Amino acid sequence: MANGSAIRRELRALHHVAGGKGRIRGHLAFLDQREQLVTSPPRRNRHEFSVQRTIAAFPPRISNELGTWVGVLRGTSRPRHRVTDYGTLRRYLIYLAAPLADWTTRYTTSRQVTEADVTTAVTAVEGPRAHERAVAIRSLFRALKHTKLVFADPTRGLRTTRQELLPTTLAPDRLAGLLETSSNPATRLVLALVALHATSGTDLRSLVLADVLLTRPQLLIRRPHGRHVVHLDDTTDALLHAWLRYRHQRWPRTVNAHFLVTQQTASATDPVSADYVYRRFDPAGLTLRAVLADRILDEARETEDPVHLVRVFGISITTAMKYIHAAHPHRAGPVPH
């Protein structure tokens, strides 16, 4: 097997002389796929970097307590405890941002936080945000109690329930002209797949070229619980072909089999990032989730049959019932959980 460091040096030297853009990553990906490259240690996860940077910004004692909390959730002090990924920890810190900002102006340690402080922090927001904040605060103090950095858990009497939000529709003028917000072939296709076929961000990132059935025209969506076939309308089919032509012209030699590629992923084998997909909706002032929900809700208005929604969008019967309930509130029975 070739020495990874030597190959990297030679490829970088060749890349510098040739002046090619992005080709070095393609060469490395090619060698890596054939197990002919000894890779260097992985770079630190971007979520991990964000977590450490956020924690370091707090006063020393509270920063140390937050570091202990991270250690507990990462399993360093509780080896048998389920390890929490850094993406979840990053979200927890976002939920904790406002309470911690308040507490650090009055306290020097988490030991001083009271049950009243916790209640005030949770009731300051409503709906899902209150639940998310309560979960993050409870996680923090349970870890500190476990490591004996606090004597009493101020979240012990905290009671919260997750509110089930019914899907809501978007105003017609917010969807009007959605495709005109961009001339980028990938963006236009993403907008159409979500707005017309309720394709999720996870679905879009997971698609590979083999999932495109050009002769039908269809897309095959592979999900953990099964497969779902998207039957493309003429508009989306035209946008799909436009994207495939652009993709081939822009990156004719890419080794990336994913349907969506960017300048960064074309010379590797990774899918596009979640942020890339979600940002396609920014120019229209919308979110992917809102547009997706609007499409399913629009279909639900045309039918009271949840099985129809399951067949059209590949969603679960529970999710379908929530949309039916939102579109037809006169239907008897509670919203399923």
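This is a predicted model: local features need pLDDT of at least 70, side-chain atom pairs count only at pLDDT 80 or more; totals for chains, interfaces and linings use all residues.
Lys-148 is placed in the loop between α7 (127-146) and α8. Its phi is positive, at about 65 degrees, although the residue is not a glycine. Most residues other than glycine have a negative phi, and most peptide bonds are trans.

The N-terminal end of α9 is capped by Asn-184, which places a side-chain oxygen 2.9 Å from the backbone nitrogen of Ala-186. Ser-182 is found in the loop between α8 (172-175) and α9 (185-197). With a relative accessible area of 19%, Ser-182 falls under the 20% limit and is therefore buried. When neighbours within four places in sequence are left aside, Ser-182 is in contact with Thr-187 and Arg-188.

Just after α9, Ala-198 takes a positive phi of about 55 degrees, although Ala-198 is not a glycine. This residue lies in the loop between α9 and α10 (201-206).

Side chains of opposite charge can pair when their charged atoms come close. The model contains 6 salt bridges in total. One of them joins the side chains of Arg-106 and Asp-117, with a nitrogen-to-oxygen distance of 3.3 Å. This pair links distant parts of the chain, 11 residues apart: Arg-106 belongs to helix α5 (residues 86-106) and Asp-117 to helix α6 (residues 115-123).

The two partners can be described by their accessibility. Arg-106 has a relative accessibility of 41% and therefore counts as partly exposed, while Asp-117, at 10%, counts as buried. The pair also belongs to a network of salt bridges in which Asp-102, Arg-106 and Asp-117 are linked.

An α-helix has 3.6 residues a turn, so residues three or four places apart point the same way. Helix α13 (residues 288-301) holds both Glu-299 and Arg-295, which lie 4 residues apart, about one turn of the helix. Their side chains meet in a salt bridge at 3.1 Å, N to O. Glu-299 has a relative accessibility of 17% and so counts as buried; Arg-295, at 16%, likewise counts as buried.

Asp-298 and Arg-301 also lie in α13, 3 residues apart, again about one turn of the helix. The salt bridge between the side chains of Asp-298 and Arg-301 has an N to O distance of 3.9 Å, which is within the 4 Å cut-off and therefore qualifies. Asp-298 is partly exposed at 37% relative accessibility, and Arg-301 is partly exposed with a relative accessible area of 37%.

## The antiparallel sheet and a cis peptide bond

An open sheet is formed by 3 strands in the order β1-β2-β3, with antiparallel pairing. Its edge strands are β1 (212-213) and β3 (226-231), each of which pairs on one side only. Strand β1 is joined by 2 bridges to β2 (residues 218-223), and these two strands run antiparallel. Within this pairing, Leu-213 stands opposite Gln-218 of β2.

Pro-217 is placed in the loop between β1 and β2. The peptide bond leading from Arg-216 to Pro-217 is cis, with omega near -15 degrees.

Conventions
Residues are numbered from 1 along each chain as its sequence is written. Side-chain values use heavy atoms; hydrogens and water are left out. Buried means under 20% relative accessible area, exposed over 50%, partly exposed in between (1.4 Å probe, protein chains only). Contact means heavy atoms within 4.5 Å. Two strands pair if DSSP finds at least two bridges between them. A polar contact is a pair of N or O atoms within 3.5 Å; within protein, one must be able to donate a hydrogen and the other to accept it, and residues adjacent in sequence count only if both atoms are side-chain atoms.
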